[in-house]
Amino acid sequence: MISFLLRRLAYLALLVLVATSAAYFLAATQLNPRSRYEGRNPPPPAAVVDAALDALNLNDRTPVLERFARWSTGVFHGDLGRTVDNTSVNEEIDRRMWVSLRLMLLGAILGSALGVAGGAYAAVKQYQKFDHVLTVFSFVILSIPTVVLAVLYKNAGIGLNNLLGFTGETKLLYTTGEMTPGLDPWTGAGIMDRMAHLILPTLVLASISIAFYGRYQRNAMLDILGSDFLRTAQAKGLPRSRALIRHGLRTALIPMVTFFAYQFALLFVGATFTEKIFGWHGMGEYFVNSVTGQDVNSVAGVTLFVAILVLIAGFLADVAYAALDPRVRV
Amino acid sequence: MTAEPDVTSRGQLVLRRFLRRRLAMLGFTIVLVLFAIAYLSPLFVAWQYDELDASAFLSPPTGEHWFGTTQNGFDMFALTMRGMQKSLVVGLVGAVLSTALAAIAGAFAGYFGRILNAAISAVMDLLLVLPGFLIVAILSPLFQGRTWLFFVLLLAAFQWMITARIVRGMTLSLKEREFVQAARFMGVPGWKIIFRHILPNMASLLIIDATVNVSSLILAEVGLSFFGFGIQPPDVSLGTLIGNYSNAALTFWWQFYLPAGFLVLLVLAVNLVGDGLRDAFDPNAPSRVT
């Protein structure tokens, strides 16, 4: 068992290594950091541009293997290199991942909890009103691209502000940024302000999760509802609600676990649209900006970050799987 | 006189079940109608997507410009129809490509096993770890001036892995069945067995997968084009329209809500078809996420 886990871990580490290197080579050959210095007036001397690019390890006149060697040496020492603006990629990721986490934690928890609960309840009440409402909701939300959904919620928020007369500086719901600049975040007013910024993007993320998990959990639960062991549990005298939760929901959760784990890893970049539209400076924004900004080291850094998250998530899914399904533990 | 026995083939059965599902038929009709409008309307309307009307800037919907115009005087109806052509084609071609890739890779990995299986599995794992959005975005400058097929190919390349895993699993069990064994002992080469016996036996899975892929690829195109990483100007897609005019939603609503509305209608209709197909192929299974 131990040797299997170790081999698995080594394979996963190798995958991260290959994925990050592939992203680095792609970015280093396709992106063009030099273009940032072109079109300036007066044009900087070529030697100055070369020196600046060399300092960042972004000079396209250096052979790509040489750049890769320098970059990977840094990575093995825990240094992901410099961005095009000569800041540290490490610091950038370190700052932005917390922004993303603050944005998504609430939405993800709320969305998956409500989705699972709603889906399970809809299955128990199959073809009744609640089931129909959830089915239609999921179907419609899953057919709307995240960008469009985010814009719709944002405009609804602005409309609500106008309707209720919040047209001045203070608003009921804010649609850009994480908080009003200059406010102390740890006072009562600061926390209220953060909440007012958080509501709309959280609603966007939660809606999507509810739609996704709700529909999936409903089907997983429906599969379980007809099963013999649930009937047995009731036959031996367990109240229906206890039987449904202890035996039904627990079993129906098993296939969902894999989704949870992967979903959370992909959320970090998947929330790109929400971050972009609501003006949060998180990992998703970094992801897009690194490509548009011709930022080779940042692209590789983001890829490494995502790859590690996906793998941790996969590992956690295995653990949770074992916790829910006793057969795995034997 | 002997009457022909009343034989219903599986195909007829599935078709009959599909036709009986009202929502699925509604979705199918909407897709057909949208297809027809997208491709036929340019033949009948006065303004084309690349024509400027210098006398109407930012005009709201009127009798002449049904969906209004943009800042530069482009006709929004023509743009939306042009965008829908692209979205439809991207979705359909991409879905067929990715399902075909999944079928072939999964079946070959499952049938031949060993080294081929290990190699294909490694590629699948790697592609699952690499963020596809980022890779397509990095390569997007290459789309400029090239055919959109290249873009669709890339989208499909990041879409096939999970289906391929399912196909591999099914191949492993089909491989042991008598008809496959019989074909093998008669000396039929492996690739022929795959195309003649194994893949036709999972046709329902592949058809459903392709339908579901149509809507995921349309949505993926919108996401990429929103940031300028997808279809490149001067061509337009629903994604580029939504990206360009998402800021205009509050002021000049027709620029955003009309293309976005058509997109949602299209994806919704495709999802209804997918759901209906699933039920038609497997009436006992509860309908799944599309």
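A:F4 is placed in helix α1 of chain A (helices are DSSP runs of H or I with at least four residues, strands are runs of E with at least two, both numbered from the N terminus).

Me: What kind of model is this?
Reply: This is a predicted model, in which local features need pLDDT of at least 70, side-chain atom pairs count only at pLDDT 80 or more, and totals for chains, interfaces and linings use all residues. Residues are numbered from 1 along each chain as its sequence is written, chains are lettered from A and ligands numbered from 1 in the order in which they are written, and side-chain values use heavy atoms, with hydrogens and water left out.

Me: How many helices and strands does chain A have?
Reply: Chain A has 13 helices and 0 strands. Its C-alpha atoms fill a box of roughly 85 × 65 × 40 Å along the principal axes.

Me: Which patch does A:F4 belong to?
Reply: A:F4 is part of a nonpolar patch on the surface, with A:I2, A:L5, A:L6, A:L9, A:I308, A:I312, A:F315, A:L316 and A:V319. Together they have about 950 Å² of accessible area (Shrake-Rupley method, 1.4 Å probe, only the protein chains shown counting as cover for residues). Patch residues have over 30% relative accessible area and no salt bridge; like charges are joined within 9 Å, and nonpolar side chains (Val, Leu, Ile, Met, Phe, Trp, Tyr) within 5 Å.

Me: Which helices supply the patch?
Reply: α1 (2-30) and α12 (296-324) of chain A each supply at least two of its residues.

Me: Now the interface. How many residues are in contact?
Reply: 39 residues of chain B are in contact with 42 residues of chain A, where contact means heavy atoms within 4.5 Å.

Me: What area is buried there?
Reply: About 3500 Å² is buried between chain B and chain A, and carbon and sulfur atoms give 80% of that. Buried area is the accessible area (1.4 Å probe) that two parts lose on being put together, summed over both.

Me: How many salt bridges are there over all chains?
Reply: The structure holds 12, a salt bridge being a side-chain nitrogen of Lys or Arg within 4 Å of a carboxyl oxygen of Asp or Glu. A:R215 lies in helix α7 (residues 188-225) of chain A and B:D275 in helix α12 of chain B, so this pair joins two chains.

Me: What is the N to O distance in that pair?
Reply: The side chains of A:R215 and B:D275 meet at 3.2 Å, N to O.

Me: Which helix of chain B gives the largest share of the side touching chain A?
Reply: α12(B) does, with 10 residues.
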